[in-house]
Amino acid sequence: MSRNVTILGAGLVGSLLAIILRKRGHDVTLYERRPDMRAAHMSAGKSINLAMSARGWKALDLAGLRAEMEPIAIPMYGRYLHQPDGQTAFQPYSKNNEAIYSVSRGELNKKLMTLAEENGVNIHFEHRCTQVDVPNNALRLAHNGEEHVVTTDLLFGADGAFSALRASYTHMDRVNSSQHYLEYGYKELAILPGANGEWLMEKNALHIWPRGKYMMIALPNTDGTFTCTMFMPFEGEVSFSKLQTEADVHKLFDEQFADAKALMPTLIHDFFANPTSSLITTHIFPWHYKDRSALIGDAAHAIVPFYGQGMNAGFEDCTVLSGLMDRHGDDWATILPAYERLRKPNGDAVASLALTNFVEMRDKVADPRFLQRKKIEKE
Ligand code: FAD
């Protein structure tokens with residue numbers, strides 16, 4: 001029996017889930033807080049590019065998007081380390097030439113939205129959900145300064161770390177939830193291409209400048225640029241709070257990131273124009289309410305980005321839900337608890353792996369003992 005399904009959030013996970021549900025014949029409506037990124041000149045928020053792994057590709061197969069994404073995904077076969085003295089070293093991710101892939105968040109999100117619409121999903125942009133009456137599946141939506149209420153048979157909250165459905169769950173009895181901000185923030189910067197549009201560093205690698213208490217990483221884009229992300233404490237000896245003037249930024253980059261700085265002509269502009277954003281981990285239980293609603297993606301499990309698995313984990317939520325629909329049809333009273341049982345332990349595990357990997361990336365990968373253990377190829 002086809003259902004009237006509503007999804008909050010047309011981000012990566014909400015758009016993918018919409019395609020999967022629509023292909024099964026459900027009537028699917030998406031409400032998205034932001035304007036349509038395909039029409040407006042806006043970034044997709046958060047990081048410009050993302051590392052996609054096998055989990056992500058598997059979910060894209062369900063949507064039929066692999067062939068379209070493959071040509072614009074750049075394989076990264078390992079970590080490319082940059083030491084303060086300019087020495088570099090490559091650590092392969094596997095012995096079998098396996099890779100993770102750098103993909104543009106914006107391009108992926110736009111393709112998912114377009115495919116959802118082509119399959120008959122209705123996307124309402126600039127509709128922000130302010131509250132959900134959970135027992136009645138009634139959503140309060142703000143649009144053009146006015147609020148209205150819609151009801152639905154089945155609701156998914158794919159509305160990210162600050163999900164309205166998640167917030168509404170927390171007001172119910174016996175719901176446990178927590179959120180934890182890291183003392184670190186991040187800022188995006190750019191490495192530009194050469195005169196002929198070529199990549200000026202190794203293209204097929206994830207670059208890391210590990211510096212103990214802080215680090216910078218860079219992922220390749222198809223236009224010859226790299227998007228760099230600087231992770232650093234908000235406060236302390238070396239921190240964003242100590243980088244107040246152009247001279248402060250020049251000094252840090254001259255001393256710690258000289259090889260990158262030579263490729264960053266827009267460094268000072270980017271540093272002061274781009275925001276310093278925070279990093280949050282959230283936990284909640286339960287993830288669903290009866291046969292009526294469930295959380296998915298970051299709304300269920302927002303994690304810090306150091307394992308490069310947030311989107312991949314959200315996409316895997318979709319794969320698992322799809323498998324459960326194969327087995328149980330439209331028996332949502334069975335599907336939603338089974339989804340929660342299968343995915344909650346994975347969400348918890350990836351959250352803690354992501355926190356642990358931060359220490360490895362910013363510190364341990366540059367430890368000489370670690371380098372030796374990894375039998376690193378010195379350049
Ligand atoms: P989101 O991407 O947050 O999308 C939620 C959508 O819901 C948005 O479009 C939002 O506008 C909308 N929305 C929010 N509130 C409402 C509301 N009240 N009403 C209606 N709409 C609403 N993951 C990886 O797998 N690999 C990586 O390399 C990687 N790198 C990252 C780097 C950084 C710096 C960060 C911050 C994250 C990174 N991630 C990575 C994690 C990844 O970005 C998230 O896991 C992923 O975006 C989650 O997708 P989502 O659709 O669940 O949520």
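## Ground rules

What you see is a predicted model: local features need pLDDT of at least 70, side-chain atom pairs count only at pLDDT 80 or more, and totals for chains, interfaces and linings use all residues. Residues are numbered from 1 along each chain as its sequence is written.

Let's begin with an open sheet of three strands, in the order 3-7-4, with antiparallel pairing. Strand 3 (49-52) and strand 4 (74-76) each have a single partner strand, so one side of each is left without a neighbour in the sheet. Strands here are DSSP runs (E, at least two residues), helices are too (H or I, at least four), and both are numbered from the N terminus. Two strands pair if DSSP finds at least two bridges between them.

Strand 4 is joined to strand 7 (residues 100-104) by three bridges. In one of these pairings, Ile 74 has Ser 102 in strand 7 as its bridge partner.

## The nonpolar core

The largest nonpolar core has 97 residues, and Leu 16 and Leu 17 have the most contacts inside it. Such a core is a set of buried Ala, Val, Leu, Ile, Met, Phe, Trp, Tyr and Cys residues joined through C-beta atoms within 7 Å; buried means 20 or more other C-beta atoms within 10 Å of a residue's own, with C-beta atoms placed from the backbone. Helix 1 (residues 12-23) gives the largest share, eight residues.

## Around the ligand

The ligand is surrounded by 32 residues, and Gly 9, Gly 11, Gly 160, Gly 297 and Gly 310 are the closest. Helix 10 (310-328) supplies the largest share of this shell, four residues.

Notes. Buried ≥ 20, exposed ≤ 12 C-beta atoms within 10 Å, placed from the backbone. Near = placed C-beta within 6 Å.
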